[in-house]
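Please work through each task with the sequence and coordinates at hand before reading its solution.

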Amino acid sequence: MSFEDSLWYHTAGGSFAPRPPLPGHLDVDVAIIGAGYTGLWTAYYLHGIDPSLRIAIVEREIAGFGASGRNGGWCSALFPPSSKGIARRHGPEAAVAMRHAMHEAVVEVGRVADVEGIDIHYARGGTISLARNEAQLARAREEVEDERRLTGPVEELELLSKEEAEGLARATRVLGGNYTPHCAAIHPLRLVRELASCVEARGVSIFERTAASEIQPGALVTEHGTVHAEIVVRATEGYTPSLRGQRRRVIPLYSLMIATEPLSAAAWDEIGLRRRETFADLRHLRIYGQRTADDRFAFGGRGAPYHFASRTRPSFDRDRRVHSALREVLVDLFPVVADYKVTHEWGGALAIPRDWHASVGLDRRRGLAWAGGYVGDGVATTNLAGRTLAQLITSQVSELTRLPWVGHRSRSWEPEPLRWLGVNGGRLLMTSADRTEDRTGKPAKRAKAFARFIGY
Ligand SMILES: Cc1cc2nc3c(=O)[nH]c(=O)nc-3n(C[C@H](O)[C@H](O)[C@H](O)COP(=O)(O)OP(=O)(O)OC[C@H]3O[C@@H](n4cnc5c(N)ncnc54)[C@H](O)[C@@H]3O)c2cc1C
């Protein structure tokens, strides 16, 4: 089972013994489905606003079992869609407001960890995105220009020369890149496990090994009984399609990761990443990495297939071809890695809404709240979601509840087999675009056109 295969599982410490399941029917004020970051942050801030609220979380496996316990640990201000997408849909002021809110979320995760005494290995070193061919360099420039035009100096996204980029991360074939200070590398599983203990200690009930099958107005139905609540919060991200009536809400897409054994101090002197900057390059099919607190590489990427009918299975967390390719890409970036073993391979499901637009909202009439569709950028965004949901549920109005993602509705994905054909076709096109760009240095226009076509 991949949850237990991850580097994070082996280095988190603490017990993974499941908490007891729901003992039967229950009445609470707020019932939450899913004990990942979204569900837990929502409970954390709700309790902070009104400690008298009765809050229960039901979790099919154990807290942190989903993407929250398996991710790349980029606590970043990235938000789907980008500032360009937000400005196009909601106007330029909304894009600026969203940037500010995301920057705050990165800081807030670190602040709470400090206040609660949770060591999540938080290092706010920013992110370096390397350009390793001319097409990627053109994208680096375009991203910086777009951000300056839309949000002014807010983003602090800097264009880097070859020398500046290599000074941060000495990878091969670097032509330049860009850098944002708004990201911290963290140990993702420590965050979610400790957050669960923290909310439980404040009186929030967490029922594990309890699968919800359906959300009804004012109730969530599980195999062990029904939880009645004024508000039910759906916080199930990549697993949402398994709930009755939610099949086409998002698609689960697998992102896979590897970790190496710790590298020597000499190897890190050669590579850099001295402040544990998270890193990527500017290819279409995203890759992401971090230098962990114990000096390993944790490195991941997309490229695993989408599975027909939005299925999620533990066996999908492993893919020999993708895991081998990840090692090859990491060695290609930093050849010294060839001398080190890959010690862990794992993966997990993230969620993509049809318009690649994360959202948070509350339908008080139906008693339903939700947050998700973070694509691969949920670590900090879930914190913003939790604070926003807590305010919406307690009827507060603030800058957060006015942000453009509040109440946004994405349309449903197409029925099968169109979904399968479109998503896997897109994946192959992106892979081929990256190869062409590596070979020719020219931007692959068809990939860009396709990305626009599918709503990205
Ligand atoms: C490999 C990988 C790498 C990633 N890297 C990054 C990164 O570096 N930075 C970043 O910002 N984001 C990253 N992401 C995305 C990020 O991890 C997620 O967006 C975020 O964790 C979502 O949190 P969540 O609580 O909404 O969902 P999840 O953590 O998936 O939690 C949902 C929970 O709901 C439970 N559940 C589902 N259905 C039911 C049901 N019917 N009944 C009861 N319980 C149910 C699940 O068991 C699960 O525990 C990555 C994702 C993956 C998979």
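A salt bridge is a side-chain nitrogen of Lys or Arg within 4 Å of a carboxyl oxygen of Asp or Glu. The model examined here is predicted.

**Exercise 1. Characterise the salt bridge that R19 forms with E200.**

Solution. 
Step 1: Distance. The closest N and O atoms of R19 and E200 are 3.0 Å apart, and the criterion asks for a separation within 4 Å.
Step 2: Position in the chain. R19 belongs to the loop between helix 1 (7–11) and strand 1 (26–33), whereas E200 belongs to helix 7 (residues 188–201); the pair links distant parts of the chain, 181 residues apart.
Step 3: Accessibility. Buried means under 20% relative accessible area, exposed over 50%, and partly exposed in between. R19 has 13% relative accessibility and therefore counts as buried. E200 has 33% and therefore counts as partly exposed.

**Exercise 2. Describe the pairs that E155 forms with R99 and E230 with R364.**

Solution. 
Step 1: The E155 pair. E155 forms a salt bridge with R99, with 2.8 Å between the closest N and O atoms. E155 is located in the loop between helix 5 (134–151) and strand 5 (158–160), and R99 in helix 4 (residues 92–116), so this pair ties together parts 56 residues apart in sequence. Both E155 and R99 are buried.
Step 2: The E230 pair. In the salt bridge of E230 with R364, the closest N and O atoms are 4.0 Å apart. Because E230 lies in strand 11 (residues 225–234) and R364 in the loop between strand 17 (359–363) and strand 18 (368–372), the pair ties together parts 134 residues apart in sequence.
Step 3: Accessibility of the second pair. E230, at 55% relative accessibility, counts as exposed. R364 is partly exposed, with a relative accessible area of 38%.
Step 4: Network. Salt bridges with shared partners join R132, R173, D281, R283 and D332 into one network. The structure holds 29 salt bridges.

**Exercise 3. Which residues are the closest to the ligand, and what covers its area?**

Solution. 
Step 1: Shell. The ligand is surrounded by 37 residues, of which the closest are T38, E59, S68, A212 and G376.
Step 2: A polar backbone atom of Y37 is 3.0 Å from an oxygen atom of the ligand. For A212, a polar backbone atom is 2.8 Å from a ligand nitrogen atom. A backbone N or O atom of V379 lies 2.8 Å from an oxygen atom of the ligand.
Step 3: Contributing elements. Helix 2 (37–49), strand 12 (250–260) and strand 16 (342–353) are the elements that give two or more residues to the shell. Strand 16 supplies the largest share, 3 residues.

**Exercise 4. Locate the cis peptide bonds of P80 with P81 and of E416 with P417, and the positive phi values of L273 and D295.**

Solution. 
Step 1: Cis bonds. The peptide bond joining P80 and P81 is cis, with omega of about 5°; P81 lies in the loop between strand 3 (74–76) and helix 3 (83–90). The bond from E416 to P417 is cis with omega near 5°, and P417 is found in the loop between helix 10 and helix 11 (418–440).
Step 2: L273. Phi of L273 is near 50°. This residue sits in the loop between helix 8 (265–271) and strand 13 (278–281) and is buried, at a relative accessible area of 0%.
Step 3: D295. D295 is not a glycine, yet has a positive phi of about 70°. D295 occurs in the loop between strand 14 (287–291) and strand 15 and is partly exposed, at 24%.

**Exercise 5. Is helix 10 mostly covered or uncovered, and which residues form a nonpolar surface patch with F308?**

Solution. 
Step 1: Helix 10. Helix 10 (residues 381–393) reaches 18 Å from its first C-alpha to its last, close to the 18 Å expected. The helix is mostly covered, with 13 of its 13 residues buried.
Step 2: Patch. L418, W420 and L421 form the patch with F308, and together the four have about 390 Å² of accessible area.
Step 3: F308. F308 is placed in the loop between strand 15 (297–301) and helix 9 (320–333). At a relative accessible area of 36%, F308 is partly exposed.

Technical notes: Residues are numbered from 1 along each chain as its sequence is written. This is a predicted model: local features need pLDDT of at least 70, side-chain atom pairs count only at pLDDT 80 or more; totals for chains, interfaces and linings use all residues. Side-chain values use heavy atoms; hydrogens and water are left out. Patches are made of residues with over 30% relative accessible area and no salt bridge: like charges are joined within 9 Å, nonpolar side chains (Val, Leu, Ile, Met, Phe, Trp, Tyr) within 5 Å. Accessible areas come from the Shrake-Rupley method with a 1.4 Å probe; for residues, only the protein chains shown count as cover. Helices (H or I, at least four residues) and strands (E, at least two) are DSSP runs, numbered from the N terminus. Buried means under 20% relative accessible area, exposed over 50%, partly exposed in between (1.4 Å probe, protein chains only). The expected span of a helix is 1.5 Å times one less than its number of residues. A residue is near a molecule or strand if one of its heavy atoms lies within 4 Å of it. A polar contact is a pair of N or O atoms within 3.5 Å; within protein, one must be able to donate a hydrogen and the other to accept it, and residues adjacent in sequence count only if both atoms are side-chain atoms.
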